[in-house]
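Hi,

Here is the structure I promised to pass on. Have a look at it first, and then read my notes below.

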Amino acid sequence: MTRRSLTVLRAGPQALVQDLGRPGHAHLGVPPSGALDQPSLRLANRLVGNPEGAAGLEVLLGGLVVRASAPCTAAVTGPSAPVLVNGVHRDSPCHLRPGDELAVGAPTGGLRCYLAVSGGIAVPPALGSRATDLLSGIGPAPLAPGDVLPLGPPTGIPVGADVLPPVRVGAELSVPVHLGPRDDWFADPAARLRAGRWVVSERSNRVGVRLTGPALDRTDRHRGRELPSEGLVTGAVQVPADGRPVVFLADHPTTGGYPVVGVVPPAALPLLGQACPGTPVRFRPQG
Amino acid sequence: MRLRRCGTDAVLVEVDSLGEVEAVRAAVRAAALPEVVEVVPAARTVLVATRPGGLPAVLEVLATADPAHRAGVPSREVVLPVVYDGPDLELVARTAGLTADEVVRLHSGATYSVAFCGFAPGFAYLAGLPGPLRQPRLDSPRTSVPAGSVGVAGEYTAAYPRSTPGGWRLIGRTDAPLFDPTRDAPALLAPGDRVRFEAVG
């Protein structure tokens, strides 16, 4: 009997194994990692009958082609993207026969699609997770052509779906933020955050969304002051020396030495992880 | 002890010393709250992150925690074998006004505690460095410090779990397995552990 697996034929700009990450190890210097758009990965898993936390593939800007070695069900979620089986457009979720080639094309309205396959990607876990952490190099390497990814045994019955609402980043992202822990380092932070208009920088990645736009100025008392490194949560809005905020995503460092003006709640992070460079961003400070 | 809000599900506890950091960290760990996801000590803070809705239980523990006294979980002791032949051993000796042998005796004679980890997985900042060895970083950091290098910087000493850029003054090397993500306990050193260095070879 053939081992259940996927063979990577083309990886596109960046395709990674991701699950819900490995939170709980920050005190050892290990980032949480995991899918940036967790609701999309969870949905893909549900569609193919997997537990929501099974490992799938996070596909940046399409370009992925994989071949199935055994019968399986595949689902692609996230922003709208063409899904082809053996070159023919198909609706997701779909069934794959041995030898079938599935391609995920370039998405519109977002950056990252999620491919789940029945049984889940069963590469060996590290620290309880199969996620690729690009900051610290834990987990499998980014996918390359020729990689063979083992699949686990199917555990559940695929859930049928007729229509999948795609993720779509609108013309402008409006991001809620709770002030603190270091909002007192900044001059009038709530008003400045509310009034500012930023743009997602091309230097954004799985570590964080960097924003270009107005600098957040420190108060006179805190100008030029050093902050001893302190723990960071996912969603922390750190303000480096140049004053341009960075919103930390799943592969963020566990500690940092620049003040964090506020924290974006978890529910608002998936869309930030989907926002293309150039997307306008404004903040909505919360009480 | 000051509490700083850190989103909806975390609090940053700010204190005045490494000793207080360790006391707060140990108190939160000893409470063994199922809601707690991360407890991240640093130089003057402890970050406590919870599952959604878990913060009130943490605030209750913090309300009774005494930062002046470390309580709860006993600490482990780890011994790291070190070959003291680092490229900056002479520089550290000269800066301290000591011989290289005296530097080795001082460094291996002290008992350290893991204050916190960061910078890279398994990179532990060890507090308890004898005064003469508290020295600034190199003026120009190395682009690559070999894995296992043992160095000093400021009030800390540390061993590099893997090759990274770094500016610490290197006095030796250890072959202790500092970080291995395939182990159940991936990091050899965790906050609160006591550490000694033993001169070998």
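Strand β6 (residues 83-85) of chain A is joined to β7(A) by two bridges, and the two run antiparallel. Strands pair if DSSP finds at least two bridges between them. Within this pair, A:V85 sits opposite A:V88 of β7(A). Zooming out, both belong to an open sheet of six strands in chain A, ordered β7-β6-β9-β4-β1-β11, with antiparallel pairing. β7 (88-89) and β11 of chain A are at the edges with a single partner strand each, so one side of each has no neighbour in the sheet.

Before I go on, the ground rules: this is a predicted model, in which local features need pLDDT of at least 70 and side-chain atom pairs count only at pLDDT 80 or more, while totals for chains, interfaces and linings use all residues. Residues are numbered from 1 along each chain as its sequence is written, and chains are lettered from A and ligands numbered from 1 in the order in which they are written. The model scores ipTM 0.95 and pTM 0.94. For chain B the average pLDDT (the predictor's confidence in each residue, from 0 to 100) is 95, and 99% of the residues score at least 70.

Staying with chain A, helix α1 (residues 38-47) is mostly covered, with nine of its 10 residues buried. By buried I mean 20 or more other C-beta atoms within 10 Å of the residue's own (12 or fewer is exposed, in between is partly exposed), with C-beta atoms placed from the backbone. The buried residues of α1(A) include A:Q38, A:R42 and A:R46 as well as A:L41, A:L43 and A:L47. Among the elements that cover them are β2 (14-18), β3 (56-60), β5 (72-77), β10 and α3 (269-274) of chain A. After α1(A) comes A:G49, with a positive phi near 85 degrees.

Which residues does A:L127 touch? Leaving out residues up to four places away in sequence, they are A:R22, A:H25, A:V30, A:I138, B:P181 and B:P186. Contact here means C-beta atoms, placed from the backbone, within 7 Å. A:L127 is in the loop between β10 (112-117) and β11 (148-150) of chain A, and it counts as buried because it has 23 C-beta neighbours inside 10 Å. Its C-alpha atom is 8.2 Å from that of A:H25, although the two are 102 residues apart along the chain.

As for the contact between the chains, chain A puts in 24 residues and chain B 31 residues. On the chain A side that touches chain B, there are 12 nonpolar, 11 polar and one charged.

Now chain B. It has four helices and 13 strands, and 44% of its 201 residues count as buried. Its C-alpha trace spans about 55 × 35 × 30 Å along the principal axes.

Seven residues from domain 1 of chain B and seven residues from domain 2 of chain B make the contact. On the domain 1 side, helix α1 (residues 18-31) of chain B gives the most, with five residues. That side holds five nonpolar, no polar and two charged residues.

Finally, strand β2 (residues 10-14) of chain B has four of its five residues buried. β2(B) is joined antiparallel to strand β1 (residues 2-5) of chain B by four bridges, with B:R4 partnered by B:L12. The two form a hairpin with four residues between them, and B:G7 in the turn has a positive phi of about 75 degrees. Five bridges also link β2(B), again antiparallel, to strand β4 (residues 45-50) of chain B, where B:T45 is the bridge partner of B:E14.

Cheers

How values were computed:
Contact = placed C-beta atoms within 7 Å. Nonpolar A, V, L, I, M, F, W, Y, C, P; charged D, E, K, R; others polar.
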